Structures are given as C-alpha cells and as structure tokens.
Amino acid sequence: MNDSNDFERFVADQFARERGGPAPSDETIHDLLTKASHARQRPRWLAILKEPPMRHASRVVVGSPTARVSAFVAVTLLLALSATGAIVAGQSPSPAPPDKEPAPQPPAEFTGVWCIGPEVAPDRNGTITTIELGDDGLTLTRNQGGAWRNAVSMSDPRLQGDAYQTYETDTYDPPSIEVISSTLSIVNEEGAWVSRHYSSRGTPAGSTDTGNVFIGQGAYEGLIAFMSTGAPVLRPEGITAEYVGCEELQGIIIDDAVAEPFLP
Amino acid sequence: MQRALVERAKDGDLEAFSQLAKAAFRRLDGVANLILRDRDGAQDAVQEALLMAWRDLRALRDPDAWDAWLHRLTVRACYKVARKERRRIRFEVHGIPEPVSARTVDASTDVADRDWLRRELDRLDVEQRAVLVLHYHLDLPVSEVAEILDIPYGTAASRLHRGLEAMRTSMRTSPGAASPSVGKRPA
C-alpha cells in the first residue's frame with residue numbers, strides 16, 4: 001500500500017472517529033421545540049418558492065426551479081431581442097440547412113471511473129485580485145483557481161484520455177454573492193469533451209448548473225455525453241496512486257439531435 | 001418509520017418533528033462542530049438548521065431526502081455563522097493563540113492524531129472543510145456532496161482534492177507539527 005492511499009485512509013479514519021459525539025441535552029431540545037412551536041410553518045406554495053431547489057439523484061426533492069424559470073425566460077427573451085436586433089442591423093442570415101440531414105444515431109451507453117488527481121497549475125491557483133466597484137465599497141474578489149489532472153477509465157474509447165478540471169470563484173461583497181465556474185474535460189488524440197458548470201451562492205437564483213453534460217469537440221463535434229457519478233470505488237488498475245476519491249460513473253453519448261429552441 | 005414522521009411533521013405535528021430532531025441532532029452537531037471548529041457556533045448552527053427545516057418542511061417533496069436536506073440546511077447555517085464570525089473578528093483584537101502543547105506533538109498517540117485532524121481543519125477554509133466533512137465524516141460520495149452544497153461536481157471534487165493536498169503538504173512541511181500515524185489503523 002502506498003503513502004497516498006494510506007494518507008487518504010488515515011484522514012477518513014480520523015473523520016470516522018469523530019462520529020458519535022454527545023447526545024443533545026434535554027434543555028437544548030426543549031429550547032429548539034419552544035422556538036419551533038412559536039414559528040409557524042410556511043404554507044407549501046411559499047416554502048417551495050423560498051427554499052432553493054435541491055436535486056438528489058437527478059430528481060428535484062426540495063423546492064421548485066420555478067423561480068429560476070422566470071430568469072431563464074427573461075434571458076431567452078433578451079436573446080430573442082438580440083437576434084432580432086442583429087437581423088435588423090443587416091447581418092446576413094444563417095446559411096440554409098442542408099437538404100438532407102444525417103439520421104440521428106441511437107444513444108451509446110458507457111460506464112467508467114473518474115478519479116481526482118494532482119494540481120497542474122499551482123502558480124495560478126490562489127491568486128486573488130480585488131477590484132473596487134464604484135465608491136460604495138462594493139468589491140469584486142476574483143479568486144483564480146487551479147487546474148487538476150484527473151484520471152478516467154471508460155468503457156467507451158471515445159471518452160478515454162487525459163481528464164482535467166478547473167475552478168474559479170468571483171465574490172461580490174457586500175452582499176457576498178459568489179459566482180463559481182468550473183470545467184471538467186477529457187482530451188485525447190481525436191478530440192475533446194468539455195463540461196462547463198456555473199453556480200452562484202447568495203442570490204435568489206441559486207445554482208445554475210448544466211450538470212455533467214460534456215460537449216464534444218474535434219472528431220467528437222456534434223456529440224454530447226451525459227454523465228452521472230455514483231458510489232465511491234477503489235482505484236482501478238492502470239490508474240496510479242496519485243489519484244484519489246475515485247467514483248464510478250455512467251452515461252450515454254448521443255449525437256447532436258437535440259431540438260433547437262423555438263423563439264416565437 | 002422516518003418517512004412517516006416526516007409526513008406527520010409536514011402536517012404540523014410538532015411531536016413527530018421532535019423525534020426527527022432528536023434523532024438527527026447528534027449527527028448534525030458533529031458535522032457543524034467539524035466545519036465551524038467552535039462548540040457554541042455549532043450548536044447555534046444546528047438549532048437554526050432544524051428551525052429552518054421545521055419552517056420550510058412543506059418544501060420537501062420527497063420525505064426520503066430528509067437527511068440530505070438537513071445536511072444542506074446545516075452547512076448553510078454553518079456558513080452563516082462563519083460569516084458572522086469573520087465580521088466580528090475584523091473588529092476585535094485577539095490575544096496570542098495558545099501554543100501547541102507538547103501532548104499534541106506526540107505523534108504516537110490517538111489523541112495526537114485527533115488533535116492533528118482538528119488543527120489541520122483549522123487551516124482550511126470553511127468551504128473546503130464542508131466538503132471534507134460531508135465526504136469523510138458522513139461517508140457521502142462526492143456527487144451527493146455536490147448536490148447538498150449546491151455546487152457543481154467539479155467544484156466539490158476540487159475542494160476535496162485541495163483540502164487533502166493542503167493537509168498532506170502541511171504534514172510534510174511543518175517539522176514542528178504532529179505527524180499523524182499514517183498507515184496505522186485505529187484500534
């Protein structure tokens with residue numbers, strides 16, 4: 001067994017030993033229940049609007065994304081207006097679609113393992129730049145994240161390659177709104193797969209996340225891989241000890257037959 | 001059993017909620033304690049999380065997601081307590097931190113290992129701690145940690161890796177710090 005595995009196991013063991021702390025005192029529970037008895041439960045419609053949506057195993061289990069739909073509709077309308085503006089400004093219309101499009105292919109299922117690895121851009125990571133935004137004391141703190149090399153072992157050779165992840169954070173303070181952007185990617189000789197994620201904290205909009213949707217590039221242009229991760233697994237053979245936190249994953253690759261959005 | 005209690009609590013049954021709160025309190029307290037590294041702050045965070053759960057319980061569509069949702073509320077409450085604490089610290093003058101005791105540099109004991117974990121957690125930011133605690137303390141996969149924290153999978157994985165790396169680096173580069181008994185299985 002090597003140091004890397006030993007260290008992770010040691011950390012896991014230490015966390016495990018912190019379980020089973022003291023039971024709450026009667027006074028603590030009594031205090032909580034007294035407060036709860038004075039706090040009225042919100043009606044369902046209000047609770048669903050107020051509580052940020054939460055997904056669990058790809059299902060919405062808390063709240064509703066409805067509030068975010070409003071924002072999405074607004075953005076779509078803005079895009080529609082922009083497109084209209086561009087046409088009015090005399091831009092040439094997009095080329096006519098070809099007479100005959102290739103027939104969509106059935107989805108190809110795959111399974112695999114994804115492990116987290118060492119940092120590849122340590123100089124960049126942790127560079128913090130603070131920018132004053134006007135005279136009101138509002139600041140933007142730009143925290144450059146790093147890039148990490150990951151390792152994948154996939155059943156579909158198109159998804160086999162060098163995997164990477166990156167991570168950046170912008171914080172607007174006050175009121176402490178955090179915008180997080182990150183990517184996961186797989187690169188090989190033929191092309192690449194890139195998944196982009198955006199999320200926010202401290203805003204009513206909550207998280208805006210595309211999930212693990214990998215867009216194909218190069219030879220894979222026109223393909224989309226939908227991926228979901230599952231239970232932790234042991235590091236497979238062929239992946240070296242510098243990679244930790246391995247998880248199984250599964251998904252499908254489809255060709256780019258997703259319907260274009262309708263803009264009335 | 002728990003599912004039925006959640007359904008009853010959703011209907012305003014305080015007794016059912018009381019049973020749910022008692023069952024979860026110790027676990028949530030452990031999580032908050034490790035994230036905040038502050039006993040009083042942790043108790044406040046758990047109280048707030050459970051009160052939020054009671055107030056917004058009708059937003060919970062799937063009673064089986066009760067635990068996951070409680071974890072989210074607890075972490076959120078921890079972030080709130082941590083933010084308040086940061087603001088307070090800005091305006092307060094702190095004394096000299098207590099030096100690491102001789103006991104904690106005794107790397108051969110389990111106590112030293114535990115002190116080592118707590119000291120290393122103190123060095124991490126609260127977001128990194130949250131990921132490590134949910135993944136290793138509650139034994140949740142990174143994908144579920146990401147869902148609970150409402151962050152992308154990649155972000156959760158990054159924080160986990162950075163946290164582990166920071167701990168490992170600290171162990172390698174701090175000759176005076178306790179060296180945990182890596183590789184030694186606990187008794």
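1. A quick term before anything else: a cavity here is a set of grid points where a 1.4 Å probe fits but cannot get out. Keep in mind that this is a predicted model. With that in hand, the structure holds one cavity of 30 Å³ or more, and the space in the largest cavity comes to about 40 Å³.

2. Who lines it? From chain A you get Trp114(A), Leu184(A), Asn212(A), Phe214(A), Met227(A), Thr229(A) and Leu249(A), and chain B puts in Tyr153(B). Sorted by class, that lining has six nonpolar and two polar residues, with no charged ones.

3. Now for the interface between the two chains. Its size is often given as the accessible area lost when the parts come together. For chain B and chain A, about 6900 Å² is buried between them, and 58% of that sits on carbon and sulfur atoms. In residue terms, 75 residues of chain B are in contact with 78 residues of chain A.

4. I'd note three salt bridges between chain B and chain A.

5. Which parts of chain B do the touching? The elements that give two or more residues to the side facing chain A are α1 (2-10), α2 (14-36), α3 (39-55), α4 (66-90), α5 (110-123), α6 (126-137), α7 (142-149) and α8 (153-173) of chain B. The one that gives the most is α8(B), with 13 residues. By class, the side of chain B that touches chain A has 38 nonpolar, 25 charged and 12 polar residues.

6. What does the side chain of His56(A) make a polar contact with? The partner is the side chain of Glu147(B), at 3.1 Å. Leaving aside residues up to four places away in sequence, His56(A) touches Val61(A) in its own chain, plus Ala68(B), Glu144(B) and Glu147(B) across in chain B.

Conventions:
Residues numbered from 1 in each chain as written. Chains lettered and ligands numbered in written order. Predicted model: local features only at pLDDT ≥ 70, side-chain atom pairs only at ≥ 80, totals over all residues. Heavy atoms only, no water. 1 Å grid on protein atoms, 1.4 Å probe; cavity = no way out; pocket = protein on both sides within 12 Å on 5 of 7 lines; lining within 4 Å. Points joined across faces, edges and corners; volume = space filled by probe spheres on them. Nonpolar A, V, L, I, M, F, W, Y, C, P; charged D, E, K, R; others polar. Contact = heavy atoms within 4.5 Å. Buried area = accessible area lost by both parts, 1.4 Å probe. Salt bridge = Lys/Arg side-chain N within 4 Å of Asp/Glu carboxyl O. Helix = DSSP H or I, 4+ residues; strand = E, 2+ residues; numbered from the N terminus. Polar contact = N/O pair within 3.5 Å; in protein donor to acceptor, adjacent residues only side chain to side chain.
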